[in-house]
Amino acid sequence: MSSGEFLVYIDGEFVPRSQAKISVFDHGLLYGDGVFEGIRSYNGVVFKLLEHIDRLYDSAKTIMLEIPIKKEEMVNIVLETLRRNNLKDAYIRLVVTRGVGDLGLDPRKCSKPSIIVIAQPMEPLLGREVKEKGVRLVISSVRRDRVDATTHQAKTLNYLNSILAKIEAINAGVDDSILLDERGFVSEASAANLFIVKNSIISTPPQTAGILPGITRATVIGIARKIGYIVEERDITPHELLTADEVFITGTAAEIVPVVEISRREIGDGKPGPVTRRLIEEFEKVKGDPAYGVKI
């Protein structure tokens, strides 16, 4: 292993990143057939690790993928990957694929799922200054997949819906896209949950809008209610989105990011608002707290 090269866990072995490989016949590669989690560790504490593992297994159940190990062992594999790489502050990508099969769709041809854990130092997803300056978004023409189709309530390897929306944002010269659901209500950003603030009341789309049940989203809802804000989970129209006092997005990689412009409409006064700033401050207090995670 070269100096500074991280180890990747693949099916019971730790291998150097440059040697980390899967078969070209793996159904995760061929068909996006698998599930994953993005997880963060802060100062030696893996944030909401148990919640991430629960969501991984829920996603696997939805697509009838039987993960071959217990949750407790999966937790230990994640922690050991961090230990082997001597990482206290990191981004962890935990992937379970259907495994090696043939060129057909039949999942019965995949004899055993593959488990992959990647851990590496985390750079801010949208840059270091976004929490002070905010980001610009656009409402995408791409609709979020239906909840009875390739639902984003399950965190699968099929992210083409989000990638198409991201491409649209890139082409528009902005940071990300907001997807609407099939009814025309606000769903989420390409890889982050979304909140609006109006008259100090915080609202966020419900799971019926096809959103991922975000770990950071749930944490922010809990923090907001604890410090006295009203938080509603309800359908949000594009009009409400564009005329909100504040908008922000949340996710494991993004944490909490203010949105200052949507589809060339300035949000509020075009600067991160007081509610968003307060929530960022409160989130900073808890993200390395052992009460909110598992120690490495």
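**Ala60 and helix H2**

I started at Ala60, which lies in helix H2. The model I am reading is predicted. Ala60 has 1% relative accessibility, so I count this residue as buried. I listed its contacts, leaving aside neighbours within four places in sequence: Val35, Leu65 and Ile67. I also checked a distance to Thr150, which is 90 residues away along the chain. The C-alpha atoms of Ala60 and Thr150 are separated by 13 Å.

Next I moved to Ile53, another residue of helix H2. Its relative accessible area is 2%, so Ile53 is buried. Beyond its neighbours within four places in sequence, Ile53 is in contact with Lys71, Met74, Val75 and Leu94. I looked up Leu87 as well, 34 residues from Ile53 along the chain. Their C-alpha atoms are separated by 19 Å.

**The nonpolar cores**

Which residues have the most contacts inside the largest nonpolar core? I found Leu49, Ile67, Met74 and Leu94, in a core of 29 residues. H3 gives the most, with 6 residues.

Leaving aside neighbours within four places in sequence, Ile67 is in contact with Leu56, Tyr57, Ala60, Met74, Val96 and Ile115. I also found a second, separate core of 21 residues. Val130, Ile196, Ile249 and Val257 are included in this second core. I kept a general point beside these entries: in soluble globular proteins, nonpolar side chains tend to be buried together.

**The antiparallel sheet**

I traced an open sheet of 7 strands, with antiparallel pairing. The order is S2-S1-S6-S5-S3-S4-S16. Which strands stand at the edges? They are strand S2 (13–16) and strand S16 (293–295). Each has a single partner strand, so one side of each is left without a neighbour in the sheet. Neighbouring strands of this sheet are turned by 25 degrees against each other on average, direction ignored.

Within the sheet I looked at strand S3 (residues 34–42) and strand S4 (residues 45–47). They pair in the antiparallel sense over 2 bridges. Tyr42 has Val45 as its bridge partner in S4.

Is Lys48 buried or exposed? With a relative accessible area of 17%, Lys48 is buried. I set aside its neighbours within four places in sequence and listed the contacts of Lys48 as Ile215, Thr219, Tyr292 and Gly293.

**The aromatic pairs**

I counted 6 aromatic pairs. One of them is Tyr42 with Phe47, an edge-to-face pair. I recorded 6.1 Å centre to centre and 85 degrees between the planes. Tyr42 and Phe47 are both buried. Ring pairs also link Tyr42 and Phe47 with Phe283 and Tyr292 into a cluster. Tyr292 had already come up as a contact of Lys48.

I turned to Phe195 and Phe248, and noted that this aromatic pair is stacked. The values are 4.8 Å centre to centre and 10 degrees between the planes. Phe195 is buried, at 0% relative accessibility. Phe248 is buried too, at 0% relative accessibility.

**Parallel pairing around S7**

My last stop was strand S7 (residues 135–143), which runs parallel to strand S14 (residues 255–262) and is joined to S14 by 3 bridges. Leu137 has Ile262 as its bridge partner in S14.

How many bridges join S7 to strand S8 (residues 176–180)? I found 4, and these strands run parallel. In S8, Ile178 is the bridge partner of Ile139. I then followed the chain from S7 through helix H5 (residues 160–172) to S8. This β-α-β crossover is right-handed.

Key. Residues numbered from 1 in each chain as written. Predicted model: local features only at pLDDT ≥ 70, side-chain atom pairs only at ≥ 80, totals over all residues. Heavy atoms only, no water. Phe/Tyr/Trp six-rings, centres within 6.5 Å; stacked < 30°, edge-to-face > 60°. Buried < 20%, exposed > 50% of the residue type's maximum accessible area, 1.4 Å probe, protein only. Pairing = 2+ DSSP bridges. Axes fitted to C-alpha atoms, helices over the stretch in contact; angles between N-to-C directions. Right-handed = clockwise from strand over helix to strand, strands pointing away. Core = buried A, V, L, I, M, F, W, Y, C linked by side-chain atoms within 4.5 Å. Contact = heavy atoms within 4.5 Å.
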